[in-house]
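Work through these exercises with the sequence and the 3D view open. Try each task before you read its solution.

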Amino acid sequence: MDSIIVRGNGPLKGQIPIAGAKNACLTLMPATLLSEEPLTLTNAPRLSDIKTMSQLLSSLGAEVTSLQDGKVLAMSSHDINNHVADYDIVRKMRASNLVLGPMLARLGHAVVSLPGGCAIGARPMDLHIFGLEKLGAEIELKDGYLHAKAPNGLKGAVIELSFASVGATENILMAATLAKGTTVIKNAAREPEIVDLATCLRAMGAQIEGDGTSDITVQGVDRLHGATHPVVTDRIELGTFMLAPAFCGGEVELLGGRMDLVESFVAKLHEAGIDVEETDKGLKVARKNGRVKAVDVTTEPFPGFPTDLQAQFMAMMCTAEGTSVLEEKIFENRFMHAPELVRMGANIEVHGGTATVHGVETLKGAPVMATDLRASVSLILAGLAAEGETVVSRVYHLDRGYERVEEKLSNVGAHIERVSE
Ligand code: EPU
């Protein structure tokens, strides 16, 4: 298993290119199952989660070809010869459950393993099931698998979600494109990844309105056709690398960064005393002098502060001036980075979904362990701002969501290297 070694060595300077969004690409890829014609994605990120989704789609009979060093994914679902998403793949990555809606809509049946819990929470699929049942599907849980069928096809319906779940909105939206009649998804998720999915589906011939708002309306069509679609910028990779100069000092330009993707996050950076400005090529972040100020944060669905940036923000708050309170409202167990940060000298108390961080002058390098994707990158950021050497082990989590992280950070002057054991 690989580890990453980082050494704190002062301010960072330069440019970091931001990739296409993992969480957009993972929902755009299953959209290929909706059509017999090819779907090509450009600006795809090079990540292990994308390989896992490719394996899953291939196991169903789709063809997935990776071109231009992985930046282009050419997919064709002309012959879907298997409708079972196996536990061996689904357990590796929860986003595998996004094949359920498209398979059901196109084939009239699908068998998808229930993913089970993961490190950050239980993450059930009740809202996905609720929405698909409203569209007329019959869904049964047998031997750990969801058996879904719609022998007479899906029918449009009004579906009001009790929580604006990203995955449930995506599964229902994809299924509704081929349902008969009109579907309205109320209290839909408003994340940019939903807008990106709707944009791609429209390019494939779907009739969708209201994406990016809480009410999405879909007019079902008989079939979807092929399309080429660029994956939206990864707002979480963007926010993560914006924190590098904010935390370590210096000035870094994030190429391809867009303010509209990270507004609530940027508001918190401003409160903490960090400069963020728009440039011709993206966003520039600078911290020129002094400690950052402690800021309180509550995670919320988009457009609120993203849960996927909470761990990284907490790392920066460890050396802020004052006390900050971080409330995690999306996942019930997403503070596992806190005890690791404490090993580096941070002063953090966790009670349920609230973490109180009392800022200290400096963190000290230490051996630490990554428990999930965002936790692992928060420990790398902490290591870059700490005195001495930090060894982050179990970094396979990192490779799921950050492409070439060592290269991107060392290009702006960070001391970071990967070692294989
Ligand atoms: N939930 C339910 N029932 C459901 C679905 C969700 O109770 O049927 C709960 C979950 O247990 C969780 C909350 O609702 O507590 C939010 O879940 P949501 O469905 O919105 O999230 P997701 O689709 O499972 C996506 C991202 C996550 C990101 C969340 C929230 C992908 C592949 N994953 O997950 O990304 O944290 O939205 O924004 O899009 C990550 O990239 O590190 C990551 C975890």
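Buried means under 20% relative accessible area, exposed means over 50%, and partly exposed lies in between (1.4 Å probe, protein chains only). Helices (H or I, at least four residues) and strands (E, at least two) are DSSP runs, numbered from the N terminus. The model is predicted: local features need pLDDT of at least 70, side-chain atom pairs count only at pLDDT 80 or more, and totals for chains, interfaces and linings use all residues. Residues are numbered from 1 along each chain as its sequence is written, and side-chain values use heavy atoms, with hydrogens and water left out.

**Exercise 1. A covered helix**

Task: Find which residues of α10 are buried.

Solution. 
- Step 1. List the residues: Gln310, Ala311, Gln312, Phe313, Met314, Ala315, Met316 and Met317 are buried.
- Step 2. Sum up the helix: 8 of the 8 residues of α10 are buried, and α10 is mostly covered.

**Exercise 2. Two helices side by side**

Task: Work out how α8 and α10 are oriented to each other.

Solution. 
- Step 1. Take the angle. Helix α8 (residues 235–248) packs against helix α10 (residues 310–317) at about 5°, and their axes are 10 Å apart. Axes are lines fitted to C-alpha atoms, for helices over the stretch in contact, and angles run from 0 to 180 degrees between N-to-C directions.
- Step 2. Apply the cut-offs. Under 35 degrees counts as roughly parallel, over 145 as roughly antiparallel, 65 to 115 as roughly perpendicular, and the rest as oblique. Therefore α8 and α10 are roughly parallel.
- Step 3. Name the contact residues (contact means heavy atoms within 4.5 Å). From α8 come Ile236, Thr240, Leu243, Ala246 and Phe247; from α10 come Gln312, Phe313, Ala315 and Met316.
- Step 4. Sort by class. Ala, Val, Leu, Ile, Met, Phe, Trp, Tyr, Cys and Pro count as nonpolar, Asp, Glu, Lys and Arg as charged, and the others, Gly among them, as polar. The contact has 7 nonpolar, 2 polar and no charged residues.

**Exercise 3. Phenylalanine rings**

Task: Classify the ring pairs that link Phe265, Phe305 and Phe313.

Solution. 
- Step 1. Recall the rule. Rings of Phe, Tyr and Trp (its six-membered ring) pair if their centres lie within 6.5 Å; planes under 30 degrees apart count as stacked, over 60 as edge-to-face, and the rest as tilted. The whole structure holds 4 aromatic pairs.
- Step 2. Take Phe265 and Phe305. Phe265 is in helix α9 (residues 263–271), and Phe305 is in the loop between β18 (297–298) and α10, 40 residues apart.
- Step 3. Check burial. Phe265 is buried at 0% relative accessible area. Phe305 has 3% relative accessibility, so Phe305 counts as buried.
- Step 4. Take Phe265 and Phe313. The centres are 6.4 Å apart and the planes are at 75°, so this pair is edge-to-face. Phe265 in α9 and Phe313 in α10 are 48 residues apart.
- Step 5. Join the pairs. Phe265, Phe305 and Phe313 form a cluster.

**Exercise 4. Backbone angles**

Task: Describe the peptide bond from Phe302 to Pro303, then decide whether Asp69 and Asp143 are buried or exposed.

Solution. 
- Step 1. The bond from Phe302 to Pro303 is cis, with omega near 10°. Pro303 lies in the loop between β18 and α10.
- Step 2. Asp69 has a positive phi of about 55° although it is not a glycine. Asp69 lies between β4 (63–67) and β5 (72–76), in the loop. Its relative accessibility is 55%, so Asp69 counts as exposed.
- Step 3. Asp143 also has a positive phi, near 50°. The loop between β8 (138–142) and β9 (145–149) holds Asp143. At 77% relative accessibility, Asp143 counts as exposed.
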